Each structure stands twice: as C-alpha cells, then as structure tokens.
Amino acid sequence: MTSSNKEPSEKTIALELSVMRSGSTLLKALMAAAPDISSLPETNFQKFQSATAASEIASLCDERIVVLKRPAWFNETKRYPKLPNISKVKRVILARDVHTTTASLRKMVFRKAELWAPKYIDNWFANNYWAPVYANLLDRFPDDGNSNFWIRYEDLVQKPIEWTGKLFRFLGSDRTEGIDSYPPPQGYDWKWGSDDGGDKIKSLTVQAPKIPQSSLAILECVQGLPQVALVRARLGYANS
C-alpha cells in the first residue's frame with residue numbers, strides 16, 4: 001500500500017456498502033481492475049471522522065479513485081453506515097437476495113457445525129439483519145446514478161461486462177468498457193476476516209453460482225416475513 005501525492009480534491013472517494021456475504025469482495029476486485037481505481041483490503045471507512053479525514057483517505061493509495069469497502073456487522077443494523085467526515089462521496093450499494101445471503105451467513109458463523117445450526121437462525125439473519133440493513137440503505141441512498149449506484153449481485157454475475165461498464169462510468173474512471181475478470185490484490189492477500197478468502201474469488205473470473213436446494217428452502221421459509229417481503233420487493237426480487 002502506497003501513499004499518494006495527489007490532493008484530496010483531486011480524488012474521487014467511493015464507499016462500497018452491503019451486508020456481509022453479499023459478494024462485496026468480488027465487486028471490489030472488479031472495480032480495482034481499472035488502473036485508476038484503488039486495490040485496497042477491507043477498510044473501515046467509518047473511522048475517518050477527524051478534520052483531516054479527506055487527506056487521510058486520499059493518502060491510502062496512488063489511484064485517483066479510492067474505493068473503501070466494509071459491510072454492515074450484525075450489531076449495527078440501525079446505524080450503518082456512519083459516513084466519513086468528507087464533503088463529497090459516492091456510494092456503490094451491493095444487494096444480494098435474502099436466501100443466498102442467509103445460506104452464506106450460516107456457513108460463515110457456524111462453519112463446520114453449519115449442518116446442525118437451528119433453522120430459526122435463518123429467520124433471524126433475514127428479518128433482524130438482512131432486511132433492516134437494506135431498508136436503511138434504500139431509505140438513505142436511493143439509486144440516482146449520480147451519488148448512489150445500486151447493483152444486484154445476481155445481475156453482476158449474470159452480466160458482468162454490462163454492469164462493470166456502468167460502474168466504471170459512474171465512478172468517472174478512464175476505463176469505460178466492462179470486464180468479467182480481475183487481477184489478484186496488490187500488496188495484500190484475500191483472507192477470511194477482512195475479505196472473502198474462498199477459492200471462487202481466487203479464480204480471478206466472475207462465476208455465476210448455482211443455487212442449491214438448501215438455499216431455496218431458506219427462501220420458502222423467510223420470504224413471507226413482512227419486513228423481508230417488503231425489502232425484497234423494493235430491491236426488485238420476485239416471490240417464488
């Protein structure tokens with residue numbers, strides 16, 4: 001990681017917002033494929049609250065466009081995100097449907113014991129984490145194509161070239177053509193606890209995952225929860 005000689009006013013600062021296990025590492029890697037967009041490990045942008053926050057963020061890298069990714073944690077559904085103390089920031093908001101997110105959260109939290117995790121935990125992940133985080137993001141940052149850019153994981157992996165092209169143009173990158181592959185990180189490794197450390201991200205290409213029956217069973221259980229149903233509709237996900 002290198003320091004930048006550019007002034008904060010010369011840089012574009014963007015935040016990548018999402019829930020955990022939504023594909024945020026993939027999205028960050030795709031953005032970093034553009035030469036003028038940063039390749040940084042997961043960074044808690046919420047800590048930059050001082051009067052020199054803009055300079056601190058600008059110094060994190062040499063690239064003109066600085067992207068900081070940090071998903072919401074379980075304990076901050078009502079206050080995420082706390083924006084850094086800078087005058088102008090772009091926001092890239094990544095959505096992923098409730099059942100595949102919940103299935104991945106189960107594996108993250110319970111690991112080898114995931115098969116024995118109680119089914120009621122799916123309702124908690126969906127109703128007490130996924131839904132309130134996205135409801136808050138939808139209310140605060142409506143998709144306007146200027147300051148806020150919403151992208152669904154499902155669209156990204158099905159049409160990566162189309163959606164990354166839109167994203168590069170939103171960020172003001174010199175690169176405007178979309179991509180479906182990306183380079184490895186520069187100066188750090190993808191690893192659990194800070195980024196996705198799985199084999200799929202290390203393939204360096206976008207892969208549309210198959211949705212297993214177990215994930216579809218989660219959808220059957222949680223899609224009828226009122227708050228989940230409302231947020232899914234706002235995100236454009238149809239009931240099965």
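Helices here are DSSP runs of H or I with at least four residues, strands are runs of E with at least two, and both are numbered from the N terminus. This is a predicted model, where local features need pLDDT of at least 70, side-chain atom pairs count only at pLDDT 80 or more, and totals for chains, interfaces and linings use all residues. Residues are numbered from 1 along each chain as its sequence is written, and side-chain values use heavy atoms, with hydrogens and water left out.

**Helix 3 against helix 7**

- Two packed helices are described by the angle between their axes and the distance between the axes.
- For helix 3 (residues 98-110) and helix 7 (residues 213-222), the angle is about 115° and the axes are 8 Å apart. Axes are lines fitted to C-alpha atoms, for helices over the stretch in contact, and angles run from 0 to 180 degrees between N-to-C directions.
- That makes helix 3 and helix 7 roughly perpendicular to each other.
- Helix 3 contributes Val98, His99, Thr102, Ala103 and Arg106 to the contact, while helix 7 brings Ser215, Leu216, Ile218, Leu219 and Val222. Contact means heavy atoms within 4.5 Å.
- Sorted by type, the residues in this contact of helix 3 with helix 7 come out as six nonpolar, three polar and one charged. Ala, Val, Leu, Ile, Met, Phe, Trp, Tyr, Cys and Pro count as nonpolar, Asp, Glu, Lys and Arg as charged, and the others, Gly among them, as polar.

**Salt bridges**

- The whole structure has twelve salt bridges, each one a side-chain nitrogen of Lys or Arg within 4 Å of a carboxyl oxygen of Asp or Glu.
- One of them pairs Asp195 with Lys69, with the closest N and O atoms 3.0 Å apart. Asp195 sits in the loop between helix 6 (160-171) and helix 7 and Lys69 in strand 2 (residues 65-69), so the pair ties together parts 126 residues apart in sequence.
- Both ends are tucked away: Asp195 is buried at 5% relative accessibility, and Lys69 is buried at 1%. Buried means under 20% relative accessible area, exposed over 50%, and partly exposed in between (1.4 Å probe, protein chains only).
- Glu76 and Arg70 meet through their side chains at 2.2 Å, N to O. Glu76 is buried at 5% relative accessible area, as is Arg70 at 3%.
- Arg234 bridges to Asp139, with the closest N and O atoms 2.9 Å apart. Arg234 is in helix 8 (residues 226-234) and Asp139 in helix 4 (residues 120-140), 95 residues apart.
- Arg234 is partly exposed at 39% relative accessible area, whereas Asp139 is exposed at 54%.
- Through shared partners, salt bridges join Lys28, Glu42, Lys69 and Asp195 into one network.

- Most residues other than glycine have a negative phi, and most peptide bonds are trans.
- Tyr80 and Pro81 are joined by a cis peptide bond, with omega about -5°. Pro81 lies in the loop between strand 2 and strand 3 (90-95).
- Arg111 isn't a glycine, yet its phi is positive, near 55°. Arg111 belongs to the loop between helix 3 and helix 4 and is exposed at 64% relative accessibility.
- Leu204 also has a positive phi, about 65°, without being a glycine. Look for Leu204 in the loop between helix 6 and helix 7, where Leu204 is partly exposed at 27% relative accessible area.

How values were computed. Parallel < 35°, antiparallel > 145°, perpendicular 65-115°, else oblique.
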